[in-house]
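Trainee: Hi! Could you walk me through this one, a bit at a time?
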Amino acid sequence: MLPARARVVVIGGGVIGCSVAYHLAKLGWTDTVLVERDQVTSGTTWHAAGLMVTFGSTSETSTEMRKYTRDLYARLEAETGQATGFKPVGFIEVATEKDRLEEYRRVSAFNRLCGIDVQEIGPSQVKDLFPLARVDDVLAGFYVAGDGRADPVDVTRALAKGARQMGATIVEHCAVTRVITKRGAVTGVETSQGIIECEYVVNCAGMWARQLGAQNGVNIPNQAAEHYYLITERIPGISSSWPVLEDPASHGYFREEVGGLMIGLFEPICAPWKIDGIPADFSFGEIQPDWDRMSPYLETAMKRIPISSSVGIKKFFCGPESFTPDLQPIVGEAPEIRGYFVAAGLNSIGILTGGGMGRVLAHWIVNGKPDVDITGFNIDRLHTYQATPEYRRTRTVESLGMVYQCHYPTRSMLTARGAKRSPFHERLVEQRAFFRDVSGLEGADWYRPSGEPAYEETLSWGRQRWFPWWAAEHRAAREGVIAMDMSFMSKFLVEGRDAGRVLDHLSANSVNGAAGQITYTQWLDDAGKLQADLTVAKLDDDRFWVVASDTAHRHVQTWMKRHMEPHHAFVSDQTSGYAQLNLQGPRSRELLALLTSVDVSNDAFPFRAAREIDIGFAKVLCIRITYLGELGYELYIPTEQAMHVYERIVAAGAGVGLVHAGLKALASLRMEKAYRDYGHDIDNTDSVLEAGLGFAVDLKKPDFLGKTAVEALKARGPLTRKLVQILVSDPEPFLFHAEPVLRDGRPLGYVRAASYGHTLGGAVGLAMLEAGEPLTQAFLETGTWEVQIANTRYPIVASLRPLYDPTNAKIKA
């Protein structure tokens with residue numbers, strides 16, 4: 001029977017929905033109702049392959065969710081009486097190419113840091129563990145003995161049973177027709193069996209999540225695609241005790257299934273399914289397999305297990321799985337509606353992360369904030385244009401196949417490109433820019449010098465052809481002047497008589513001082529943890545200019561709007577209304593002086609000045625600030641005048657050696673200066689002090705959000721956990737992300753983000769370290785410090801102060 005009221009209504013009875021209900025009940029929120037339109041598991045959970053693998057991710061959040069899930073499945077039967085079918089038969093990932101070997105060795109180093117027992121084994125050991133496999137081309141295998149497989153239906157039933165045992169209600173054959181809201185917040189759910197009043201809704205509707213969300217204007221751009229596996233007839237000698245074998249280069253994974261072999265496929269070019277919408281009555285459904293399209297991929301996969309091509313086929317299954325634009329889950333509270341949570345778009349890893357995902361979301365709902373880094377999969381990272389039919393049709397063709405691609409650090413999605421372009425785009429094409437996807441906008445990554453032949457992208461873990469071109473752009477910023485298109489940055493105008501007071505309350509730094517000045521600040525939650533890292537420029541007493549990164553766009557916008565609701569303060573998104581062109585480098589003042597009638601001398605236009613200047617026929621907001629560590633200016637130009645201003649800059653720049661620089665240079669320049677980037681090297685699990693940003697906190701202010709927590713942390717004394725800059729002493733290796741950092745052989749943390757320091761002479765990164773004792777500069781200057789890159793450890797220098805221009809003399813020159 002459907003209750004009239006609940007605290008939380010979970011929509012969808014797949015593994016994710018049942019996990020959320022289970023964990024809410026586990027936390028004491030037994031007033032939880034899960035409604036399922038048909039039967040539990042009837043969407044896509046029932047046909048999942050059931051792999052339970054902890055190996056493979058370089059995300060700490062994802063890895064910990066996998067570990068928790070594996071442990072949960074192992075103990076659920078004892079708790080609930082319902083088996084999960086979990087069998088720790090082991091898992092092997094094989095590398096048959098040099099670049100995949102490099103990837104898996106890097107992944108293994110990180111996974112071991114996270115407590116996963118990954119063993120690198122040789123081809124003969126792979127053969128011993130999986131005797132039917134062909135291993136003549138295998139370079140190495142990566143074996144986790146504790147991983148294995150589970151029964152998706154039994155897992156879900158166990159979670160559902162556990163939820164019921166703790167007091168939650170599960171109602172099947174109860175379709176949700178709409179979510180009821182009032183004044184931007186959830187108030188109830190209308191179903192085929194009546195209305196339930198509630199405070200929270202959790203949309204776990206799987207491949208229906210987008211359609212359900214769209215009814216309330218909630219943006220959930222996931223899309224179903226055909227997903228295949230084949231089951232052979234019985235094969236003599238095959239054993240259910242053999243490990244799961246995965247060979248991404250052959251598009252396949254392999255495991256025993258009822259005496260035969262299951263061959264699962266992730267083909268590089270896939271087929272989206274039902275772009276216009278998933279039928280409401282699709283239940284325990286299958287899709288007619290496309291033999292013609294899939295045969296080449298299937299033949300490639302079968303070569304890994306040669307006997308599979310000579311035995312009969314019992315079943316060639318095709319069923320839908322939903323995928324997201326960036327292959328990350330869609331999780332969290334929707335920006336559009338308070339109390340509307342989402343957990344969808346699991347990209348075919350719903351079973352192996354289902355337990356952890358339910359725990360994370362339940363904790364988030366109950367405590368009002370997540371306890372893990374969610375910046376990479378928060379729903380507010382996504383944009384509304386990504387839900388259009390054409391975008392979903394185009395991008396999904398690539399998304400499924402990305403699961404098994406070699407995950408090169410410089411790889412950019414190739415489909416659904418050109419969706420957004422800056423006003424300067426065509427001119428940058430003329431300058432031979434190489435573009436990558438930057439939150440949907442075409443961002444110039446680097447520029448090919450004049451006279452160089454056309455570049456065809458070849459991905460690599462090492463130096464590529466464009467490395468010296470990148471280095472030249474980097475040097476130009478350090479020694480001359482560069483122009484950098486930063487139009488992708490998120491830009492907001494905040495107005496109203498309360499604008500200054502509200503922004504000052506949100507900001508850890510003081511942002512409501514004198515007009516005409518920019519302030520670097522963080523926004524914190526009540527626990528003193530980071531929610532945003534941005535700048536606030538006070539233009540007038542009631543007008544402020546807020547700039548954040550592209551990935552923080554909707555998060556920052558929502559944070560402002562929700563805190564401004566009772567006040568006379570209003571936010572307008574100006575991102576598309578203004579182009580942003582940055583002039584940076586020691587000669588940037590010289591160039592700017594050629595362009596404007598305004599005095600831009602150091603005395604007249606000091607560091608942090610924010611003023612309107614004239615350039616040609618245009619009025620431009622000019623802010624003297626830098627993210628590169630040099631004298632520099634950010635120019636915010638009305639979009640319709642952007643090309644006019646650009647042309648004036650290029651013409652004047654010819655006389656001072658102006659160089660176009662791309663985002664590779666942005667990364668290397670900012671990393672040398674140890675400038676932070678929210679969502680990459682700092683996140684919502686970090687306190688502002690641990691992030692090394694105490695200099696941007698004004699504890700003398702009467703109040704700001706999170707102040708009490710910051711004061712309490714500061715009062716505890718020296719911190720043991722801090723973000724540290726590292727520099728690899730050897731100029732050859734590259735850092736990218738997730739490389740373990742060790743002191744005297746003991747791992748203390750890992751690199752969160754990195755680049756190559758062309759000025760410093762080696763790879764440079766930012767690593768969050770937990771020392772277990774006060775983490776001071778003296779601590780960093782003693783002991784033997786190393787970073788592990790794949791299977792090799794390299795000496796490093798570690799520092800709390802920026803290794804480049806630690807006194808900020810250059811930016812204030």
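Trainee: Which residue stands opposite Ile313 in β17?
Mentor: That's Thr232. Keep in mind that this is a predicted model. Strand β13, residues 223-232, pairs with β17 in the antiparallel sense over 10 bridges.

Trainee: And what is the order of the strands in that open sheet?
Mentor: The 8 strands run β5-β6-β4-β14-β15-β16-β13-β17, and the pairing is mixed. β5 and β17 stand at the edges with a single partner strand each, so one side of each has no neighbour in the sheet. On average, neighbouring strands are turned by 20° against each other, direction ignored.

Trainee: Which strands does helix α7 touch?
Mentor: Helix α7, residues 291-302, packs on the sheet and touches β13, β15, β16 and β17. Its direction makes about 115° with that of β16.

Trainee: New topic: how many salt bridges are there?
Mentor: The count comes to 52. One of them joins Glu226 and Arg293, with the closest N and O atoms 3.3 Å apart. Glu226 lies in strand β13 and Arg293 in helix α7, so the pair ties together parts 67 residues apart in sequence.

Trainee: Is Glu226 buried or exposed?
Mentor: Glu226 is buried, at 11% relative accessible area. Arg293 counts as partly exposed because its value is 21%, and buried means under 20%.

Trainee: What about Asp681 and Arg670, how far apart are N and O there?
Mentor: Their side chains meet in a salt bridge at 2.6 Å, N to O. Both residues are buried.

Trainee: Which residues are linked in a network of salt bridges?
Mentor: Arg134, Asp136, Asp137, Asp247 and Arg304 are linked that way.

Terms used:
Residues numbered from 1 in each chain as written. Predicted model: local features only at pLDDT ≥ 70, side-chain atom pairs only at ≥ 80, totals over all residues. Heavy atoms only, no water. Pairing = 2+ DSSP bridges. Helix = DSSP H or I, 4+ residues; strand = E, 2+ residues; numbered from the N terminus. Axes fitted to C-alpha atoms, helices over the stretch in contact; angles between N-to-C directions. Contact = heavy atoms within 4.5 Å. Salt bridge = Lys/Arg side-chain N within 4 Å of Asp/Glu carboxyl O. Buried < 20%, exposed > 50% of the residue type's maximum accessible area, 1.4 Å probe, protein only.
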